Structures are given as structure tokens and as C-alpha cells.
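Trainee: Please take me through the terms used for this model. I want each label set against its cut-off.

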Protein chains: 2
Amino acid sequence: MLAGAGTPRARAVARLRKGSDLADRLTGGDSSLLRRINAAVTLRALRDGQAVTLTQLVGDTGLSRPTVEGVIEGLVESGLVAEVEQGQDSGRQRGRPARWFRFRAEAGHILGVEIGVHAVRVVLADLAGQQIGSFARDVDEALDAEERVGAARTAVAELLRKAGISRDSLWAVGVGSPGIVDKDGSVRLGTALPGWTGLDLGARLRRSFRCPVLIENDANLAAIAEHWQGAAVGMGDVVFVLAGLSPGAGSLINGRLHRGFGGAAGEIGALHLLGQQVTPERLLSTTGKPLDPLDEAAVARVLTLAREGDLVARDAKERFLQRLVHDVAALALAIDPQLVVVGGWAAGLDDVLEPLREQLARFCLRPPEVTLSTLGEDVVALGALRLALDQVEEQLFAVDQPSGSRG
Amino acid sequence: MLAGAGTPRARAVARLRKGSDLADRLTGGDSSLLRRINAAVTLRALRDGQAVTLTQLVGDTGLSRPTVEGVIEGLVESGLVAEVEQGQDSGRQRGRPARWFRFRAEAGHILGVEIGVHAVRVVLADLAGQQIGSFARDVDEALDAEERVGAARTAVAELLRKAGISRDSLWAVGVGSPGIVDKDGSVRLGTALPGWTGLDLGARLRRSFRCPVLIENDANLAAIAEHWQGAAVGMGDVVFVLAGLSPGAGSLINGRLHRGFGGAAGEIGALHLLGQQVTPERLLSTTGKPLDPLDEAAVARVLTLAREGDLVARDAKERFLQRLVHDVAALALAIDPQLVVVGGWAAGLDDVLEPLREQLARFCLRPPEVTLSTLGEDVVALGALRLALDQVEEQLFAVDQPSGSRG
């Protein structure tokens, strides 16, 4: 189950006892703290989902058999662990039937939500992060903040209803939004959505849930998602570029999200305003009239025309590409990631990849790899789900009674 | 002495015993490991330089009196701790005279070295990081790599001779260099110095020292130095911009150096090559002929002329400033630091500050503070010194016999 049974325990001990004298305390009193640690370690040993015998748990956790028995009893009571019936072959030891246990990932659920310009998306998973449903709904780009938040609430309710999951079983909700998001979940700046700047999105959504609600910038969540199960698995230094008329980016450094001092890291879209260069809305226009920055359909039309050989559209696309290369190069030069993942507009980015690679190879002193997102339109919602899962893992890891530490 | 005596010990334990079962091991065997931890904890309690009694050490470390006595005996033998004579007033306890001890920061030394375009600089300090001497020597920008490394060696020898310090007493040497430096100390790319690209600078310098030699990019070290004792003390998210015709930058994120995946983070100078924009050598020229990128004197002349009201020079400076703003904005947008420190050219940057602040405030979604470096020409060498000091603190913290872990 666990590579080194002592490791999570040692980490839990170190975390919970920061500043205390380890040796004295571990051999001395404070047994309730020890019980919490022991429960967390036992859960860890169970968390990959396979059924495990009590004897295996004793081995994996390094705890005594009576201790594990006590811990398991509490976890079964709390609903986090279930005893499983198994065939009576290999499990037997000296005639005594082995008892098998498993983690009940279905004991709770988590949600990942994206509140976007054109759509609201929700994904639902169990406590192990296993996805069990999703729901998306187009919304009008002109919706005001109240209506947009309402659309997100409705989408959540719809998904829960379809999946037959009670709202009370939610342990954590992650939410992705465009703009600069403060740590408390309010939107410091969000020009892409009407009425978004200054919105206390966290407070609004927390009314609808009794569990923690975590808000994060959309591009940041996309980076997390690609690292979790997309194009950046196994890579710790990643920049995700959410390509658009005003591109945003999210970065992982050493596998951790880099939010920046004020949560604004990667908001590279403003770079073109310097030096009074032409805006991307004009760059991509084929008519001389600027495109609406939120009109992705119009952008897709231009990109399609360009692919079909339309000369004016090809020029426009070429100008746009140069801008994107410049923005991505700025990110790559500043951060020096191993990998740049490009996502966003579902269509039209395929032929951006090669020119981007070429130009970065020319101008970056150490060019990064460049690839397309593999997670499609759910990328932000999946990152939000991972954010919620992190919160749950923190809870599972540090307590024995989930109800004691929630909300 | 120490805020919480258990903290460093707990950390040392956690670090040395990663993956082991803490409780079992601490109460069980492996006393040599325990001795090492105890020595490190005792040294920590002594390291701020003040003399401390044995009784105080017992309190600060949480160790038993006989253990501390044994540890101190070993540390005195190794030269790292000295017994100090004190007046016989407050130190007495029940008639038994208190014994006082202090850390011998003079037991070893560290060096910080900058190998630059126009100068080689060296600073010397004791094991507590207290500076005890410095030496700088101008070098010709046209020196080849062999000559330049030789000049650094000579400068080191000169400073050691003047300070009366033996080379054998060096515990660690930090070295700053322009260019992209690999983790092993070789220069992956170094266009500012002739023959620098591909140079195995680490291997070259290690021949001259028996202690560890650590090589790092100059702007990275400048960021570390400003955080240590300059304009960025107490700030964990900092970008240092080494202004020049091709500016470089170093970043701290959460107080730690961000090198990037390939050590190239912050090498923003290439950004202007995109889009075939004019090079800074031309931007700053007042004659139509490009300036030599390494000719800082010529640059300083243009900046001085501009300050005196020369219109052509003012235009050139204005163009240069726009470029610098663009580069710094790219860094700020990508990384979102709390503070940008501008350094480099000793003269001529004063009136860069205000326009930089204004422009960043206009274009950054969350503008950083902007300030000038306070460490002057030694900034890179001081950062190199801090790098060496980190190495020494690692040694002091994890072992009882320094000679056992050196080299």
C-alpha cells in the first residue's frame, strides 16, 4: 500500500507538532493527538481503494494491532471505512479469519465548477477524486454577475439531482473564474465578465454550501488539471496558456501553483498595451473593425477562414500568432518552465503549435517544450475538482472524525 | 536564544529520518545519529554569537545536562565552540560556578565572488556571515575565459593574504557569473563574456579550493543579496532586475530562489528580439551607430548627457526606458512579485525609477513596488557570500564534526 509506512506518519507528526519536542511528546502524554495521527495514517494506508487486512494495516502503518483495531473501529463508525466480506482462502492465519477493510470513497463527494464567459461547467467526484458525473450549460456573455452565479448554482443543483447525490454529502467545492482572485475568494479584477470586478464570489457561493468553497483563477486551475491528469503529468515546472484575445496563464513551480504575491501571476494579456501596440481585437479582424474580445465564435471563423486559404484571414491570423508568441515568450523567459501547455479555444489552435515551437526555440535561451492541452473544455472544472480534492485530502490526513473538521 | 527549542531539533530529526518511524527510533537505538542531531541543535542554540551557560543550553535544547556536556566537549575539541571566562556574579548557581560557551564563528571562513564583465569582486566573511574584508579589481571586457578566471583566482589570493586568512580555513565559496549556469556549475550560455559559453566554471574553480564551490547566475545572486540585507529584507516575492543593454533578472518566490527548469528564469533580454524590434544598442545610441553592448561607460555618458538636457540623448534614453519598462512589465505580469528591485549600472538609474513605477501602475493588473538596489557594486558578490553561507549552515546544522562532511 504505502512505500514507507513511516513517511506519512512522520510528516503528520511533524506538521501537527511544529515547535514541540518530538521525543518527549511522543513518549509522553497527549494521546488524543496521537489518535488523530494514527487515524490519518491508517486512512492513508487504505486510500488507494483496495481492501486490506488488519494484519496488512499493522504492517503498513507501523502501529500495534490493538491500536489499529481501535482506529478502524472509529473509522467504520464515522462511515469512512467499511468491513468487506472476502473469500476465506489466503486471508486466513492460524485458523482465525482475516478481517478486510476498505476506504469508503463514496462517503462524501467533491465538486469542480467553472464559471466562464460562455458556459458554466460542473464535475462531480467521490472522495478519491473518481469522476462520477459532469454537466455543462451555455450562458450568455452579457449575463450580469448575479445571473451568472445563479446559473452556476442551477448547474450544480442539476448535476447533483441527476447523480442522485445529496448536497450534504459534499466535502469541498472548487470554483474557477476568469480574473485575479484574492485568497479569500473575492474577484479583485475581472474584466472578462460583466460586474465581476469586486465581486465577493467566495461569500456568494458559500451560502449555497456547508462545506469549504475554494475560488481560483481559471488559467491557474487549468495548469493544475494538466499536471493532475493531462499533458503535464509528472512535470513540476509548467506554464498553461489559456489562449484568447487577451491570454492568461497559470504556472506550476516545483509542482505547486504559483499564484504570485497578489494572485495576478501569469496575467500576461496586458503586455501588448505597452508601447501602444495594436490590440489583438484589431489584429485578428478581417474587416478593419475590431472583433468583440468575448466573441470566440468570430475568432473561430477567422481561424477557419485562414485554414481554408483566405488571404485576409491568414494575415490576421499571422499577426495574432506573432502576438501570442510574444506573450508566451515573455512567460517562458521570465519563468523558464519545462513545458508550455496551450489551451483555451477548443478549435483553431492546432496549427499554432509549430510556429510557437519554432519561435520559442529562436528566442528563448532555453526553449521549453510546447504542447496542446489534452483535457478539452473541462480543463478548468477539472482543476477546480483537484483543488477541492486537495482540501479533502488535507482533512482525511489530519483528523479521524471528518465531521469534526468540516466547514 | 531560540524561540522554541524543539523546532530546529524537530526539523533536524524529520530531515535526517525521512521515512523512518520517529517514535520507535528516537526511543530505541542509533545513538550516533542522535549525537549528530544533538550537536546540531546545540550549535543552533549558540549560533547568534552570545555566550551561553551550560544550564541555558540545557533549557534551550531540551536535552539532558549530561548530553549537553558531552556534545559541548566534542564541539570544543573540533574548534567550533570555545569556553569563555565570565565574571562570577549572575552565573553562579548554588555555589557551583557556571560554565559559559560561545560559537567560534572565526573557526572557518566563506567567500563570495563575482566574475563580471568589467570587474572581479570578492568578499570574505566568518562562519556567521560577518563580513571581514573585500577586494575588487577592474578587468578588461575583452579578457578570454582563462584570463578572467585567473583574475578571479588572483583577487581571492590577494584578499586572503591581506586578511591573513589561510585558504584551508575556507568552508564554502559562492561565485556569481553572467549567463545561464547549470546546477553543476558549468555555463550553458554566456554571451556577455568572451569564451564563456560552455565553460565548466565550477570544475575550473574547484581546483583552487578544497571546500565546496557553488556557481550561480549574477542576477539570481543579486536577488538573494537584496533579500538578505538590502532593499528586499522581509519580502519573499522579489524580482531583481540587473539593468543593462540586455537586462537579466533574478526572482525569489516565497523567499527561495527561482532558477527555472533549466536555470534560465529571468533572462528577459531576448524579448526585444521578437518582432524584429530595434536592439537596445541602437535605442541608446545618439549617433545612429549602435553602442557596444558591453561599453557601460558609453551608456553612462548618454545617460549623463540626457540628465544635462541634451535632446538627442534624452530621446535615446526615453527609447531605452520604454524598453526597460516593457521587459520589467513582462516579468511583473508573469511572476507578480511584491517588489521589483532595480540595480546594475551604478549611476544613471535614479531617474528611471519614477517612470518605471508609473508605467507599471498603468499596465500591471496588480503593480509591484519598485525600488533601487541598496547594496551597490558588491550586490552580486554579497549574494554569492549568502549562497556559501547557506552551504555552511547546512553543514553546521546536520553534523557535529565539520571536517567529516566537508569537500
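Predicted model: local features only at pLDDT ≥ 70, side-chain atom pairs only at ≥ 80, totals over all residues.

Mentor: Residues are numbered from 1 along each chain as its sequence is written, chains are lettered from A and ligands numbered from 1 in the order in which they are written, and side-chain values use heavy atoms, leaving out hydrogens and water.

Trainee: What counts as a helix or a strand, and how many does chain A have?

Mentor: Both are DSSP runs, numbered from the N terminus: helices are H or I with at least four residues, strands are E with at least two. Chain A has 14 helices and 15 strands.

Trainee: Why are α4(A) and α5(A) called roughly perpendicular?

Mentor: Axes are lines fitted to C-alpha atoms, for helices over the stretch in contact, and angles run from 0 to 180 degrees between N-to-C directions. Helix α4 (residues 54-61) and helix α5 (residues 65-78) of chain A cross at roughly 110°, their axes coming within 9 Å. That makes α4(A) roughly perpendicular to α5(A). The classes are: under 35 degrees roughly parallel, over 145 roughly antiparallel, 65 to 115 roughly perpendicular, the rest oblique.

Trainee: Which residues make the contact of α4(A) with α5(A)?

Mentor: Contact means heavy atoms within 4.5 Å. From α4(A) come Leu54(A), Thr55(A), Leu57(A), Val58(A) and Thr61(A); from α5(A) come Arg65(A), Val68(A), Glu69(A) and Ile72(A). They divide into five nonpolar, two polar and two charged. Here Ala, Val, Leu, Ile, Met, Phe, Trp, Tyr, Cys and Pro count as nonpolar, Asp, Glu, Lys and Arg as charged, and the others, Gly among them, as polar.

Trainee: How do you know that α11(A) and α11(B) are roughly perpendicular?

Mentor: Helix α11 (residues 311-335) of chain A packs against helix α11 (residues 311-335) of chain B at about 75°, with the axes 9 Å apart. The pair is therefore roughly perpendicular. His326(A), Ala330(A), Leu331(A), Ala334(A) and Ile335(A) meet His326(B), Ala330(B), Leu331(B), Ala334(B) and Ile335(B).

Trainee: Why is β10(B) called largely enclosed?

Mentor: Four of the five residues of β10 (residues 213-217) of chain B are buried, so the rest of the structure largely encloses this strand. Buried means under 20% relative accessible area, exposed over 50%, partly exposed in between (1.4 Å probe, protein chains only). Strand β7 (residues 170-177) of chain B pairs with β10(B) in the parallel sense over five bridges. Gly174(B) stands opposite Leu214(B) there.

Trainee: Is Gly262(B) buried or exposed?

Mentor: Gly262(B) has a relative accessible area of 8%, so the label is buried. Gly262(B) lies in the loop between β13 (256-258) and α9 (280-283) of chain B. Not counting residues up to four places away in sequence, Gly262(B) touches Asp336(A), Arg366(A), Ile180(B), Asp182(B) and Arg188(B).

Technical notes: Pairing = 2+ DSSP bridges.
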